[in-house]
Amino acid sequence: TRQSSEDPARVYDIESGALLRAIAPSACGAVLGPDGTRVVTASADRQSGQRRIACSDADTGMEHWSCAVFRKCSYAYVALAVSPDGKTLVTSCDSSDGKSLLAFRMADGTLVWAASLGKGDVRAEALAFSPDGKLVAAGCSDESLQIWDAAAGTRLHHVPYDNAPRG
């Protein structure tokens, strides 16, 4: 959890509610791996605005890997999702080359693929893997839904807001 944009991400014991540790100063996104052993955070340097992601041990807070992948962002958070098998991380970003969706290998932080969500300032505000880990759904800032092949990083479907089913 986070109290304000200046506070770190915090890890709490779910049963007692006790604070276990604070990690990732100025965290703007976090996700726990499916087995609960690793936590991935996105954070920003307060002075430069440079964004980075880091994968840490959930019990000790020790960082396994990190990489700077974001330039100064105009939005306050980053969407993150870990595949059901815990092998792949997908994140939204505002990268200097226009790629706004990145996939990393959870084991070591190696970039697997990078893709653009579309023209302009379209960003993923929510990300989720399918239960089998083969697809990634991205809820985008232009109110569209995009479905991606999780292994290849290719867009399979784009549903604009105007065509979205309504209940």
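These legends accompany close-up views of one predicted model.

Local features need pLDDT of at least 70, side-chain atom pairs count only at pLDDT 80 or more, and totals for chains, interfaces and linings use all residues. Residues are numbered from 1 along each chain as its sequence is written, and side-chain values use heavy atoms, with hydrogens and water left out.

**View 1. The protein chain has 14 strands and zero helices.**
Strands (E, at least two residues) and helices (H or I, at least four residues) are DSSP runs, numbered from the N terminus. Along the sequence the pattern reads β-β-β-β-β-β-β-β-β-β-β-β-β-β. The protein chain has 167 residues, and 41% of them count as buried. Buried means under 20% relative accessible area, exposed over 50%, and partly exposed in between (1.4 Å probe, protein chains only). Of the contacts with a separation of 6 or more, 29% link residues 24 or more positions apart. Contact means heavy atoms within 4.5 Å.

**View 2. Four strands form an open antiparallel sheet in the order 7-8-9-10.**
Strand 7 (80-82) and strand 10 (111-115) are the edge strands, each pairing on one side only. The twist averages 15° from one strand to the next. Axes here are lines fitted to C-alpha atoms, for helices over the stretch in contact, and angles run from 0 to 180 degrees between N-to-C directions. Strand 7 runs antiparallel to strand 8 (residues 88-92), joined by three bridges. Two strands pair if DSSP finds at least two bridges between them. In strand 8, V90 stands opposite A81.

**View 3. The largest nonpolar core has 17 residues.**
A nonpolar core is a set of buried Ala, Val, Leu, Ile, Met, Phe, Trp, Tyr and Cys residues joined through side-chain atoms within 4.5 Å. The residues with the most contacts inside this core are V90, L101, L117, L127, V136, A138 and W148. Two or more residues each come from strand 9 (101-105), strand 10, strand 11 (124-129) and strand 12 (135-140). Another core, of 16 residues, lies apart from it; V40, C67, L80 and M106 are among its members. Which residues does W148 touch, not counting residues up to four places away in sequence? They are L101, A115, S116, L117, K134, L135, V136, A138, G153, T154, R155 and L156.

**View 4. Two salt bridges are found in the whole structure.**
A salt bridge is a side-chain nitrogen of Lys or Arg within 4 Å of a carboxyl oxygen of Asp or Glu. In the pair E63 and R52, the closest N and O atoms are 3.1 Å apart. E63 lies in strand 6 (residues 63-70) and R52 in strand 5 (residues 51-57), so the pair ties together parts eleven residues apart in sequence. E63 is partly exposed at 40% relative accessibility; R52 is partly exposed at 30%. R105 and D108 also meet through their side chains in a salt bridge (3.1 Å, N to O). R105 is partly exposed at 40% relative accessibility, and D108 is partly exposed at 39%.

**View 5**
Strand 12 and strand 13 (145-149) run antiparallel, joined by five bridges. A138 stands opposite Q146 in strand 13. Most residues other than glycine have a negative phi. Is E143 buried or exposed? E143 is exposed, with a relative accessible area of 52%. Strand 13 also pairs with strand 14 (residues 155-159), antiparallel, over four bridges. Here Q146 stands opposite H158.

**View 6. A30 and L80 sit 6.7 Å apart, C-alpha to C-alpha.**
In sequence, A30 and L80 are 50 residues apart. A30 is found in strand 3 (residues 27-32). Its relative accessible area is 53%, so A30 is exposed. Leaving aside neighbours within four places in sequence, A30 is in contact with V40, T41 and L80.
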